[in-house]
Amino acid sequence: MNRILLFLLLLCACFAGCKNANDVPAQIRAQQAVDAKIITAYLQKNSITAKQVDSAGVGLGIYYVVDTLGGGNDVLTNSTRITVGYTGTNLQTGTTFITTDQFHPSYVLGSTIMGWQYGIAKSGVKKGGTVTLYVPSHYAYGPFAQPSYGLPANAILIFRIKLYNITN
């Protein structure tokens, strides 16, 4: 599923004005560099000590702060169903674009944005815990605006997430 989404993302980027397929990785790397500068500046300005998610020793640019660890020994996989409460904020504007104060939706972790998949799993947060994720655009919605949320293309997002339940 993730490979299909990545393929579609790259394909759409090609049709959006790339002269050839070799330009796509360069555009993605360039945006990742921009996002990294914005996120690290935000964290420094606000005196936030966050850890970076890494995959096989490579930093992904996704940062997290475990606010409350929670409890239990559940293992999170892509097929894990999580019940959450969360608030999503556009880092660049400070605008909250979604909040689930009134309800707690459930998702299969593997069907969420990549920033959640990596961030929630790597943070070590457990049932009852809360985590704040700082997600670069590449691991959120990329170069695609999300008009229903009022998000522009390449939006960097902050998610404050509480895990109410974990089901494997």
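**Strand pairing**

I count two strands as paired if DSSP finds at least two bridges between them, and I take helices (H or I, at least four residues) and strands (E, at least two) as DSSP runs, numbered from the N terminus. The model is predicted, and local features need pLDDT of at least 70, side-chain atom pairs count only at pLDDT 80 or more, and totals for chains, interfaces and linings use all residues. Residues are numbered from 1 along each chain as its sequence is written, while side-chain values use heavy atoms, with hydrogens and water left out.

Within this pairing I noted that T83 has N165 of β7 as its bridge partner. I then turned to strand β6 (residues 130-135), which runs antiparallel to β7 and is joined to it by 6 bridges; here L133 has F159 of β7 as its bridge partner.

**Positive phi angles**

I next looked up S47, which is not a glycine and yet has a positive phi of about 50 degrees. S47 lies in the loop between α2 (23-45) and β1 (51-55), and with a relative accessible area of 66% S47 is exposed (buried means under 20% relative accessible area, exposed over 50%, partly exposed in between, with a 1.4 Å probe and protein chains only).

My last entry concerns A56, a residue other than glycine whose phi is positive, near 55 degrees. I found A56 in the loop between β1 and β2 (58-68), where A56 counts as exposed at 82% relative accessibility.
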